Amino acid sequence: MPAMTMIQALNSALDIKLATDPDTLVFGEDVGYFGGVFRVTEGLQKKHGLTRCFDSPISEGGIVATAIGMGAYGLRPIVEIQFADYILPAYDQLVSEAARLRYRSNGEFWCPITVRSPYGGGIFGGQTHSQSPEAIFAHVTGLKTVIPSNPYDAKGLLLASIEEDDPVIFLEPKRLYNGPFDGHHDKPLTTWAEHPMGEVPAGHYTVPLGSASIVREGREVTVLAYGTMVHVANAAIAESGIDAELIDLRSIVPLDIDTIVKSVTKTGRCIIVHEASRFGGFGGELSALIQERCFYHLRAPIERVAGWDTPYPHAFEWDYFPGPARVTKALKRCVEAVA
Amino acid sequence: MDVSARRHKTNREPLALHVPEPPARPGDPVDFSHIAIPEAGAMRCPDIAEPEPGMRDLPYGLIRVLDDEGRAVGPWDPRLDPDTLRAGLRAMLKTRLFDDRMFRAHRQGKTSFYMKSLGEEAIGAAQAIALDNGDMNFPTYRMLAWLMARDYPLIDLCNQIYSNERDPLRGRQLPILYSARDYGFYSLSGNLGSRFGHAVGWAMASAYSGDDRIAIGHVGDGTTAEGDFHEALTFAAVYKAPVILCVENNQWAISSFSGIAGAGETTFAAKAIAYGIPGLRVDGNDFLAVYAATLWAADRARANHGPTLIEFFTYRAAGHSTSDDPTRYRPADEAAHWPLGDPLDRLKTHLIALGEWSEDQHDALSAQITADIKSAVKQAESIGTLGTSKPNVREMFEDVFAEPDWRIIEQRREAGV
């Protein structure tokens, strides 16, 4: 199997769909001739033609609105929002239209669109190139939200998302585009070629939505993470010497509740790690679900390690980003807690 | 000039904030003197292949076909046969009589909400007839006439309005936010303007697929102020989408007169010029003008010449909705003085002038439609009205996704259904 970066894996997924499904097309800001500001759509226009992968006006609302209209017609558009920080102009389209079209029309119209968008921090992106908006989509009934953490999943989840008949928000951790990142910003970077999940089949395969992956089995505590935080949590587990079970959620909606409940029932302890700010973050929902379903198995309070409740700052990148040191501390607090 | 002296100059005239006000408020005499009504037949009709820069007079004029005597005049006369004219008249009459009946049903507590199309019936009726069955309309909530022209079953309208057991939208939608795919009528939503870009996307999809179908989208004058309006026009122009984008300028957005949406500065049709697409301004109470302009724009779209923006100049003769009392913000008799008259009366006069209609025939048609409506209402009420009948509560949990996820299955169980 070839080694791919996450960018190459995503490109491969789009390439396969464009080659095999004439109902798919790709558009967004700078995705056409130029191949995208992160190169995810590189070469697609040249290979598949101008009408299959093209540039759009700088109008996130317009991009999503036209994609919904195309979906209603019967196409399967895959659109890009250049940064998740800029998805908000399209929020009304996503919440009021895409998410409800099937419901309000009693299934007469639906919206099989995929909205790809780079998200997350750890890149000195400041306030508008670092945000993690997954919680604002999780609260919207009718939307699915997917977040890969490695090239293999990225390709399989993207293919599955495109083939979904429901609208999918596909958030790509841009910090992981070129290599895994465990939060140790002061250490040399590694590449996907050195990571087992950088092995990506060249052909078509899917990773189903709603299936979490157990990255590491353990007995003492369950760690729930997604995106870049999977790698941060993995490093913190190794450094702490705690026998933690690490679960990569992979999709926020639908959520693999069974895998989560099974793990926390076994370990009796849980910490949740995400980059997004804590208050109102998706960790709150996870914590509530676990409390409701695993209450009599819990031996310690559920911990949340998250971004602070501030806008994402520039100079304070590593003070804000929930790195391995903060996760390690939480792991220790959690396993040492006595009920 | 000494810059610091400029900075300290204080004897300038104070700035003043301009807030537009309509010419007449409740109690004032109606004043439509600011509205210029050009003669019917006066506007030229360019070739559909003409480039946009040659058409920049059109958005400032007013395309009219029916003159004061009910004669069809000028180059925009679509030369319709009497059967088509009668079909249009029937759709408009059906719309008006149904509106009256459902407005009463609301007052009788049989439904929670209703909105009339009074005075705007010509637009939906003419367009439903002018366009093909495969074309898709992305309507506003004031476009019942489209469904009437295409003979959408009255019983289904009633059931939707009553949210009863047979509601085609399963009790999920506010009354009149219909969805009728087989009738070329896209799902309505309460969000203003948010489907204008869907029309463009649908049209782009048709062009992308090498299809021959076109889309038509609608907003009201008030909604042109939404960002969706700008987005839709930009995308339509950039990709030369085969779409007709329409503005129903009925002068009022609930209580705000069209000046609050920018009508005092220019026409809504003229906004097309900035996007490089043709803009037509059309007498919205003139069935023939609506038909002709729509067909002209459809022909352009079908010939790959791209989109057209049409402003239909009309008047919202009724209140905004059953929740609105227009006498609180405009003269009570304003509608009666609207200089473009009543679209139904004008088409009727035309047909009578042609010798193709009579008062007796009109009364007979009116009686027949009234009977049809009465029968549909009776049938719907035997199923039930709001609060006396509703779809199975299971329907509340269906169609959130193609397949329900565990949350929905659990919650459905928790709700006991």
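This is a predicted model: local features need pLDDT of at least 70, side-chain atom pairs count only at pLDDT 80 or more; totals for chains, interfaces and linings use all residues.
View 1. On one side 49 residues of chain A take part, in contact with 46 residues of chain B. The area buried between the two chains is about 3,800 Å², and carbon and sulfur atoms give 58% of this area. In chain A, the residues that lose the most area to chain B are A:Y73, A:Y103 and A:R104, which together make up 22% of what that side buries.

**View 2. Polar contacts and the elements of chain A that touch chain B.** Across the interface, 28 residue pairs are found in polar contact, with both residues at pLDDT 80 or more. The elements giving two or more residues to the side of chain A that touches chain B are the strands β1 (24-28) and β2 (53-55), together with the helices α3 (60-73), α4 (91-98), α5 (101-104) and α10 (282-294) of chain A. Of these, α3(A) gives the most, with 10 residues. By residue class, the side of chain A that touches chain B divides into 23 nonpolar, 15 polar and 11 charged residues.

**View 3. The surroundings of B:S187.** B:S187 lies in the loop between α5 (154-162) and α6 (196-208) of chain B. Because its relative accessibility is 1%, and buried means under 20%, B:S187 counts as buried. The side chain of B:S187 makes a polar contact with the side chain of A:R104, at 2.5 Å. Leaving aside its neighbours within four places in sequence, B:S187 is in contact with A:L101, A:R104, A:S105 and A:F109 of chain A, as well as with B:Y178, B:S179 and B:R195 of chain B.

**View 4. The annotated span of chain B.** For residues 90-384 of chain B, an unreviewed UniProt entry lists "domain: Dehydrogenase E1 component". In the model this span is 42% helix and 11% strand, and the C-alpha atoms at the ends of residues 90-384 lie 28 Å apart.

Technical notes: Residues are numbered from 1 along each chain as its sequence is written. Chains are lettered from A and ligands numbered from 1 in the order in which they are written. Side-chain values use heavy atoms; hydrogens and water are left out. Contact means heavy atoms within 4.5 Å. Buried area is the accessible area (1.4 Å probe) that two parts lose on being put together, summed over both. A polar contact is a pair of N or O atoms within 3.5 Å; within protein, one must be able to donate a hydrogen and the other to accept it, and residues adjacent in sequence count only if both atoms are side-chain atoms. Helices (H or I, at least four residues) and strands (E, at least two) are DSSP runs, numbered from the N terminus. Ala, Val, Leu, Ile, Met, Phe, Trp, Tyr, Cys and Pro count as nonpolar, Asp, Glu, Lys and Arg as charged, and the others, Gly among them, as polar. UniProt positions are given in the numbering used here, feature names are shortened, and annotations may be inferred rather than shown by experiment. Buried means under 20% relative accessible area, exposed over 50%, partly exposed in between (1.4 Å probe, protein chains only).
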